[in-house]
Amino acid sequence: MDEKTSVILEIAKRATKELGMQHITVVMDLEYCSKHQELDLEKLLNFGPADFAHDIYGINRNLNHATFQLENCFSPRCTKIAG
C-alpha cells in the first residue's frame, strides 16, 4: 500500500468515528478529488475538529461525481498552495 492510500484510509477512519461518515464514501471522495486538486492529506489528517469537518463535509457536498471536480467555489483548507 502506498503512502497516499495509507493516509486516506486513516482520514476515512477518523471521519467515520468523528463525523459519522461512511468509510468508503470518504475514501472515494478523497481519491477522486485528489486527481484534480492537490491536497495535503497529512495536513487534513492532523487538522483540528472544525477544519477537518469543513474539508470532509465540503468535499463530499461539492465534488461532482461525474467530472470529479469541486464545484460551488469550494476550496478545501488542506489544498496545497504553490509557492
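Where is F68 found? F68 is found in the segment after helix 4. The structure is a predicted model, in which local features need pLDDT of at least 70 and side-chain atom pairs count only at pLDDT 80 or more, while totals for chains, interfaces and linings use all residues. Residues are numbered from 1 along each chain as its sequence is written, and side-chain values use heavy atoms, with hydrogens and water left out.

**Helix pairs**

Helices (H or I, at least four residues) are DSSP runs, numbered from the N terminus. Two packed helices are described by the angle between their axes and the distance between the axes. Axes are lines fitted to C-alpha atoms, for helices over the stretch in contact, and angles run from 0 to 180 degrees between N-to-C directions. Angles under 35 degrees count as roughly parallel, over 145 as roughly antiparallel, 65 to 115 as roughly perpendicular and the rest as oblique.

| Helix pair | Axis angle | Axis distance |
|---|---|---|
| Helix 1 and helix 4 | roughly 105 degrees | within 11 Å |
| Helix 1 and helix 2 | roughly 135 degrees | within 8 Å |
| Helix 2 and helix 4 | about 75 degrees | 10 Å |

The axes of helix 1 (residues 3-19) and helix 4 (residues 49-62) cross at roughly 105 degrees, which means that helix 1 is roughly perpendicular to helix 4. Contact means heavy atoms within 4.5 Å. On the side of helix 1, the contact is made by I11, R14, A15, E18 and L19, and on the side of helix 4 by P49, F52, A53, I56 and Y57. Sorted by class, this contact of helix 1 with helix 4 has eight nonpolar, no polar and two charged residues. Here Ala, Val, Leu, Ile, Met, Phe, Trp, Tyr, Cys and Pro count as nonpolar, Asp, Glu, Lys and Arg as charged, and the others, Gly among them, as polar.

Helix 1 and helix 2 have axes that cross at roughly 135 degrees, so helix 1 is oblique to helix 2. The contact takes in K4, T5, I8, L9, I11, A12, K13, A15 and T16 of helix 1, together with H23, V26, V27, L30, E31 and S34 of helix 2. By class, the contact of helix 1 with helix 2 has eight nonpolar, four polar and three charged residues.

Helix 2 and helix 4 pack at an angle of about 75 degrees, and therefore helix 2 is roughly perpendicular to helix 4. In this pair, T25, V26, D29, L30 and C33 of helix 2 meet I56, I59 and N60 of helix 4. The residues of the contact of helix 2 with helix 4 divide into five nonpolar, two polar and one charged.

**The two sides of helix 2**

Buried means under 20% relative accessible area, exposed over 50%, and partly exposed in between (1.4 Å probe, protein chains only). In helix 2 (residues 23-36), the residues V26, V27, D29, L30, C33 and S34 are buried. They cover an arc of only 165 degrees around the axis, so they are on the same side of helix 2. The arc is that of the directions from the helix axis to the C-beta atoms. What covers these buried residues of helix 2 includes helix 1, helix 3 (41-46) and helix 4. On the other side of helix 2, I24 and K35 are exposed.

**Helix 4 and the segment after it**

N62 has its place in helix 4. It is buried, with a relative accessible area of 14%. Not counting residues up to four places away in sequence, N62 touches Q69, L70, E71, N72 and F74. R61 also lies in helix 4, but R61 is exposed, with a relative accessible area of 63%. R61 and T79 are 18 residues apart in sequence and 16 Å apart in space, C-alpha to C-alpha.

C73 lies in the segment after helix 4. At 83% relative accessibility, C73 counts as exposed. From C-alpha to C-alpha, C73 and N62 are 8.6 Å apart in space, and they are eleven residues apart in sequence. C73 has a positive phi of about 60 degrees although it is not a glycine. For F68, phi is near 65 degrees, a positive value in a residue other than glycine. F68 counts as partly exposed, at 24% relative accessibility.
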